[in-house]
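Biologist: Hi! Could you walk me through this structure in plain words?
Modeller: Happy to, take a look with me.

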Amino acid sequence: VAQLNKIGFVWERMQPEWNLFMEAMVTYRSIYGDVMVPASFVIPRDNNEWSKGCWDLPLGNIVHRLRLRHDFLTGDTAIERKNQLDGLGFVWDVSEHNFLKFLTALRIFSKLEQEEHEHTIMASTIRVPSKFVVPSDDYRWPMILWSYPLGERCTAVRQKQLYVKGHPLRQQALEEIGFRWSGNATLGWLDVVHAAAIYSQM
């Protein structure tokens with residue numbers, strides 16, 4: 001209740017479903033650090049981290065329907081409720097959120113690569129080793145990106161058009177920062193050695 005009041009939540013006596021949903025969302029954020037609720041997530045029973053009124057609530061499904069159909073967001077309270085969700089950090093477009101996370105990781109990787117080789121003439125392309133994972137406990141990276149499988153995501157973007165299929169502006173954004181579409185298979189031998197060295201140092 002205190003956390004809900006802190007974000008300016010307005011209790012609606014005639015809308016117990018909304019009140020329960022928001023209580024569940026605040027609890028989820030306190031446990032997991034965000035409100036990116038998986039579609040299959042159901043609040044566990046007999047878990048003291050959750051109030052009994054939330055037990056068995058299909059929170060993931062409710063969140064999915066909220067994004068898809070804007071459940072709860074009709075009528076006079078729609079704007080107020082949307083503001084309450086925004087205050088929790090609710091993500092309305094998951095695809096865009098995931099792409100921006102990938103783009104941010106690429107930019108940081110490129111920046112760190114340039115800093116570590118500031119006295120070397122660097123190519124304009126970003127070369128991420130396929131097995132590169134953002135290191136944990138490295139405060140040069142934001143905590144939200146720790147353990148992020150950047151190399152794996154780069155491969156998926158190239159081979160499966162992850163994030164960019166049907167989104168030419170996203171593809172353009174990647175090209176503008178020097179994303180390499182051909183992958184490391186077409187790199188010269190020295191380039192591969194160079195990329196591996198970056199990976200081992202980070």
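Modeller: Let's start with a term: a salt bridge is a side-chain nitrogen of Lys or Arg within 4 Å of a carboxyl oxygen of Asp or Glu. Here the side chains of Arg140 and Asp138 meet in one, at 3.0 Å from N to O. Keep in mind that this is a predicted model.

Biologist: Thanks! Is Asp138 buried or exposed?
Modeller: Asp138 is buried, because its relative accessible area is 13% and buried means under 20%.

Biologist: Which helix holds both Glu115 and Lys111?
Modeller: Both are in helix α5, which covers residues 94–116. They sit 4 residues apart, about one turn of the helix.

Biologist: Which residues are linked in a network of salt bridges?
Modeller: Arg65, Arg69 and Asp71 are linked that way.

Biologist: Changing topic, how many aromatic pairs does the structure hold?
Modeller: It holds 14. In one of them, Trp18 and Phe21 form a tilted pair, 5.5 Å centre to centre with 45° between the planes. Both belong to helix α2, and because they are 3 residues apart, about one helical turn separates them.

Biologist: Are Trp18 and Phe21 buried or exposed?
Modeller: Trp18 is buried, with a relative accessible area of 0%. Phe21 also counts as buried, at 1% relative accessibility. Trp18 has another ring partner as well: with Phe72 it forms an edge-to-face pair, 5.4 Å centre to centre and 65° between the planes.

Biologist: Where is Phe72?
Modeller: Phe72 is in the loop between α3 and α4 (78–87), whereas Trp18 is in helix α2, so this pair links distant parts of the chain, 54 residues apart. Phe72 is partly exposed, with a relative accessible area of 25%.

Biologist: Which residues do ring pairs link into a cluster?
Modeller: Tyr28, Tyr32, Phe41 and Trp50. Tyr32 also turns up in the lining of the largest pocket.

Biologist: Oh, a pocket! How much space lies in it?
Modeller: About 160 Å³ lies in the largest pocket. Besides Tyr32, its lining includes Asp34, Val35, Met36, Leu88 and His97. The lining residues divide into 6 nonpolar, 2 polar and 2 charged.

Biologist: Last one: which residues of helix α6 are buried?
Modeller: In α6, residues 150–160, the buried ones are Leu150, Gly151, Cys154, Ala156, Val157 and Arg158.

Biologist: And what covers them?
Modeller: The cover includes α5 and α7 (168–176). Just after α6, Gln161 takes a positive phi of about 55°.

Terms used: Residues numbered from 1 in each chain as written. Predicted model: local features only at pLDDT ≥ 70, side-chain atom pairs only at ≥ 80, totals over all residues. Heavy atoms only, no water. 1 Å grid on protein atoms, 1.4 Å probe; cavity = no way out; pocket = protein on both sides within 12 Å on 5 of 7 lines; lining within 4 Å. Points joined across faces, edges and corners; volume = space filled by probe spheres on them. Nonpolar A, V, L, I, M, F, W, Y, C, P; charged D, E, K, R; others polar. Helix = DSSP H or I, 4+ residues; strand = E, 2+ residues; numbered from the N terminus. Buried < 20%, exposed > 50% of the residue type's maximum accessible area, 1.4 Å probe, protein only. Contact = heavy atoms within 4.5 Å. Phe/Tyr/Trp six-rings, centres within 6.5 Å; stacked < 30°, edge-to-face > 60°.
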